[in-house]
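Thanks for coming. I will go through one model this morning, chain by chain, and then turn to the contact.

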Amino acid sequence: MSKADYVIVGSNVAAVGAIDGIRRHDKKSSILTIAFESLGSYSKAMLAAYIEGANAQWLEYRGKDYFKKMGVDCLFGRRVTGLDAGKSILTTDNGEEISYKKVLLGVGGVPFKPAIKGAEGKELVFTFTDLFDAQKIRETLPRFDSAVVIGAGFTGTEIAYTLNKLNKKVTVVELGDRVLVKALDPRSSEIAQSLMQGEGIEFYLNDTVEEIAGNKEITGVSLKSGKFIPCQAVITAIGVIPNGELIKNTPIKFDRGLDVDDYMCTNVPNVYGAGDVVKATDITDGQKRSLPLWPLAFQQGLVAGINMAGVRYPYAGGLPMNSLKFLKVPILSAGITTPPDAGYEVISVSDPKGTFYRSLVLKEGRLKGFVTIGEIDGAGVLTGLIRSKTDISGIKTRLLNKKKIGLMQMPREWRNRIFTRRDETDYND
Amino acid sequence: MKKVIIVEDYCIACYNCEVACVATHSRSEDPVKAYKREGLRGRTNAVVEVESPLAFSSMCRHCKHPWCMDACISGAIQRLDNGIVYLDEERCVGCWGCVVGCPYGAAHPNLAGKDKHAFKCDLCIKRLDAGLNPACVEACPNKALLYDETIEREEVHT
C-alpha cells in the first residue's frame, strides 16, 4: 500500500487551487494527485476549441511541469473507485490501495441525462462535459450534418454555436421560455438568442424532446409540441450535477451535492471537497447550492488547500459570474440578473441597434447583479461592487454609461487605498 | 513587492503614460509606428481617466491573490515567482473571465481585430529585467506614478 500526506482526487481547476493552497503553508509534506484523465490538468471550459480542431495539448491548464514544480506526485489515467473514510484509504481501478492523512474530493460534476425514449443504443447521442465527450463528438463530425441540442444553458448554447460554426444545421430545444435563463435577464436572453439566430441556429422554446427516432442511425427527434425535427445527432446539455459516485456507501454527507462547511471540510474531518462536486455558498443570497463555475472551483480549491494545511481560513462564498465567450458581441454577467421578488430595483440602458445593453439589479442601494452586452471593459468594477456590498445609490446612473467603466466614480478613499495598495485583494475587500 | 503607486493629486492628464505603455509593448518600440502601423491604438495597460480637475492613470495592482487568475480558463494568467501577475497573450483564448473578475477593471478585452485576447499590465517585466523602471513611471513628468515598495498585509489568502 502506498501512502501520501495529502491526496487530491481530480486534477482540474479545483485540484490546482488546492495544491496552490496547501503549498502556501506546507512545502514539505507529500501530495499525490489522482485523475482518470491521462492528460492531467486540462481546461474543461475550452472543450469547444478542441472540437473545432485544436490540439489536446492546447487545453492544458497548468503545464506538466506545474506538478513537478509544486512537488506533487501524479497518478494520471487511474480512477479512484473506493473510499474508506474510516480507515482513510482510497482504492483505484487496478486494485491499488492508497492511504492518506487528508483527502480532497475534486471529482467534479456529471452531465444530467434525462431519460429520453429512443436514446439507448444510438451512437450519435452525446453529452458535452469532458474530454471524452469532446473526443467522441470530434471523431464523429464527418458522420452528421445536422444536430439537435437539448438545453439552451451555457453548455448547450456553446456546443450549438460550435457545431453551427462547423457548418452543421443546429436546432436548440429548450424547456424554459428563454435561453441562458441562469445567466441572463429576459432582455439579454432575447439579444443572445437573436445573435445566435443570426448565425443560423434555430430555437424551439417551451418545448422538449420526447423521442429520438431511428434505429441505430438517428433520423430525427419528435417534440412534445408534436413537431418532428430531422437530424443525425443529438447532444443533451441540460446541466451538470455533483458527482456522488465515490461518496456512495460512505458516511460522508451528500445530498444533491457534497455538504461542506465554511472551511470546505465534509462531516468527516479529514475529507475536503471543492469544485463542481460541492454545494457552496452563493454570496448573492447566502444559500448553499451547486454552482458549477470555473472561478468558484479555483477559489474553493484554494481555501480547501489552505485549511488542509492546517490554517483556519473560511470561504466567504462565491459570486456566480458568466462570460458568453463564443458570441461575436461579448456578454458578461454576474450575481442576480433577474430579480426573484419585488424587493429589487432594476435600471437598464440599451441602444436601439441592440449592440449595447446594460442592466443593474440593486437591493437597498447595493448592487446584486448585472448584465453588460457590447461594452465590457471595466465590467469587473461592477463585480467588485457586488462583492464589497458598497452603497451605489449615488453613482448607479453613471455605471450605465456606455464607455469603459472606470474608477473615477468610486469614493476617493477607496481609490487611494487601491492606488497605494498597502493591503491586498481579499474576498471581503 | 514594488508596484506602480498612483498619486492622483499629481496627475496632469498628459497621457504620456498611455503612449509609453503602448510603445514599450509594441514590436517597434516606437510610439508613432505602434499607433500608425501596428494598430495598437487603445492597447494601453495604463488607462488615464479625466474628470477635470481630477485625473489619474490606473493599471493592474498585481494582487497577491488575483481575481483575474481565478477566472482564467486557459491558464494564460499566472502569478510569477516575483509577484508579477502575468497574462500570456499567446495562450489567452479571449473568454473575458478576467475582465468580469478584476474589481479594478485592469484586465482589458481586445475586441478590435480578429485577434481575440485580453491584455493587462505586466509591470514592464522586460524593462525591470534590464534594470529600468516601468515605462509609464519613466514617462510621467509629475511623479503621479511611482515605482516603489508597497507594504503587504501579513496573512491574505483569497
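In what order do the elements of chain B run from the N terminus on? The order is β-α-α-β-β-α-β-β-α-β-β-α-α-β. That comes to 6 helices and 8 strands for chain B. The radius of gyration of chain B is 15 Å, close to the 15 Å that the globule rule gives for 158 residues, so chain B is as compact as a globular protein of that length. Please keep in mind that this is a predicted model.

The C-alpha trace spans about 40 × 35 × 35 Å along its principal axes. Of the 158 residues, 47% count as buried. If we take the contacts in chain B between residues at least 6 apart in sequence, 56% of them join residues at least 24 apart.

Now chain A. Here we have 9 helices and 25 strands. In chain A, 48% of the 429 residues count as buried. For contacts between residues at least 6 apart in sequence, the share joining residues at least 24 apart is 65% in chain A.

On confidence, chain A has a mean pLDDT of 93, with 98% of its residues at 70 or more. One stretch to flag is residues 423–429 of chain A, where pLDDT stays under 50. The model has 19 contacts beyond four places in sequence for that stretch. Where pLDDT is low, the predicted coordinates should not be read in detail.

Last, the contact between the chains. Chain A puts in 46 residues and chain B 40 residues. On the chain A side, at least two residues each come from helix H7 (294–308), strand S21 (321–324), strand S22 (331–335), helix H8 (379–388) and helix H9 (412–420). Which of the elements gives the most to that side? H7(A) does, with 7 residues. By class, the side of chain A that touches chain B has 24 nonpolar, 10 polar and 12 charged residues.

How values were computed: Residues numbered from 1 in each chain as written. Chains lettered and ligands numbered in written order. Predicted model: local features only at pLDDT ≥ 70, side-chain atom pairs only at ≥ 80, totals over all residues. Contact = placed C-beta atoms within 7 Å. Helix = DSSP H or I, 4+ residues; strand = E, 2+ residues; numbered from the N terminus. Nonpolar A, V, L, I, M, F, W, Y, C, P; charged D, E, K, R; others polar. pLDDT = per-residue confidence, 0-100. Buried ≥ 20, exposed ≤ 12 C-beta atoms within 10 Å, placed from the backbone. Rg over C-alpha atoms; globule rule 2.2 N^0.38 Å.
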